[in-house]
Amino acid sequence: MFSLIKFQVHIVVLLVLLILLIESRVIFPNVPEIIDRESLLPDDFMIEDMVELENQDPEVLPNLYQGDIALNNEIFNQLRVGLRWDTFPKKRWENRTIPYAISPLYEPEDMITIMTAIRTLTRMTCLKFPKWNGKDKDFLLIWPIKYPKGCWSFVGKVGGPQILSLQPPDQTGPNCLGGEGRAIHEILHAVGIFHEQSRNDRDRFVKVVWDNIIPAYKGNFEKQSLENTTYSFEYDYKSIMHYGQSYFAKEKGKLTLVPKMKGEKLGQRKSLSQTDCLKVNELYGCLDNIKTAKKYYTLCRILGI
Ligand SMILES: [Zn+2]
């Protein structure tokens, strides 16, 4: 009798060990062992005061700067549509390379969506996205963060393991992974790109309907000063970095942004527009050389929306 119990205990211990082995690095060797969200977020990580948000886009939900941008004060004061490398040289990914690791908490189909986004960016731009080798100091850690939940990212390279949050589908809807578009949007923030409608010249192109915006979130519609901003390309309604027309609306369906050009739509989250594509390649110096410029102008024209 005693030896039977002992045998059963052994079996249980073996089973537990087996489960731990399967759950751990044997299957996902590229994911860091300690995932302590608190230790990964900077001290001055700013979460805006919570206001009840219902029926909103998952990019709006995290309650971060402009909805989905995790900022520290340093960047907050000097925003640009694309980061200025002379002001923030450390925020530029070196060698145009952004190593990444994906959380094992995602379902296989969600991992595939994320990897499809990364593949699109690899195809259309001169950036490289290798899987994290376990050694690189700086890398993107794509993780379904619970608080703040939603789709969000830092702008540019932060240094060390850098969280990029993509909320997986649940009973409420597809959240950030209904297609590759929202993953592309958040990765482009990490690359160094801000929202299109924060351009200083945006009032020529879109009308902000201030009365329809939840008062606490009006700040998310501020534009950037001309001293802090330069643009190499025309205002882009088709940008994957543009807010949708009802972001931060008081009521569902109310418009907060209206295009001034007839027939233009806002907030597509399918893929990079032609201009998004050029913007990234320009930011990382890939349009400087005639040969690569020719290649990426052609790629962007053919593959961009
Ligand atoms: Zn965003």
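**Aromatic pairs and nonpolar cores in a predicted model**

The structure, a predicted model, holds eleven aromatic pairs.

Q: Are the rings of Tyr217 and Phe248 stacked or edge-to-face?
A: A pair of aromatic rings is described by the distance of the centres and the angle of the planes. The centres of the Tyr217 and Phe248 rings are 5.1 Å apart, and their planes stand at 25 degrees. Planes under 30 degrees apart count as stacked. The pair is therefore stacked.

Q: How many residues apart are Tyr217 and Phe248?
A: Tyr217 is in the loop between β6 (206–208) and β7 (257–259), and Phe248 is also in the loop between β6 and β7. The pair links distant parts of the chain, its members being 31 residues apart.

Q: Are the rings of Phe221 and Phe248 stacked or edge-to-face?
A: Their centres lie 6.0 Å apart, with the planes at 85 degrees. An angle over 60 degrees counts as edge-to-face. The pair of Phe221 and Phe248 is therefore edge-to-face.

Q: Is Phe221 buried or exposed?
A: The relative accessibility of Phe221 is 1%. Buried means under 20% relative accessible area. Phe221 therefore counts as buried.

Q: Which residues do ring pairs link into a cluster?
A: Tyr217 and Phe248 form one ring pair, and Phe221 and Phe248 form another. Ring pairs link these residues into a cluster made up of Trp210, Tyr217, Phe221, Tyr243, Tyr247 and Phe248.

Q: Which residues touch the most other members of the largest nonpolar core?
A: This core has 44 residues. Elements that give two or more residues to the core include α4 (108–124) and α5 (181–191). The residues that touch the most other members are Leu166, Leu188 and Tyr284.

Definitions and conventions
Residues numbered from 1 in each chain as written. Predicted model: local features only at pLDDT ≥ 70, side-chain atom pairs only at ≥ 80, totals over all residues. Heavy atoms only, no water. Core = buried A, V, L, I, M, F, W, Y, C linked by side-chain atoms within 4.5 Å. Buried < 20%, exposed > 50% of the residue type's maximum accessible area, 1.4 Å probe, protein only. Helix = DSSP H or I, 4+ residues; strand = E, 2+ residues; numbered from the N terminus. Phe/Tyr/Trp six-rings, centres within 6.5 Å; stacked < 30°, edge-to-face > 60°.
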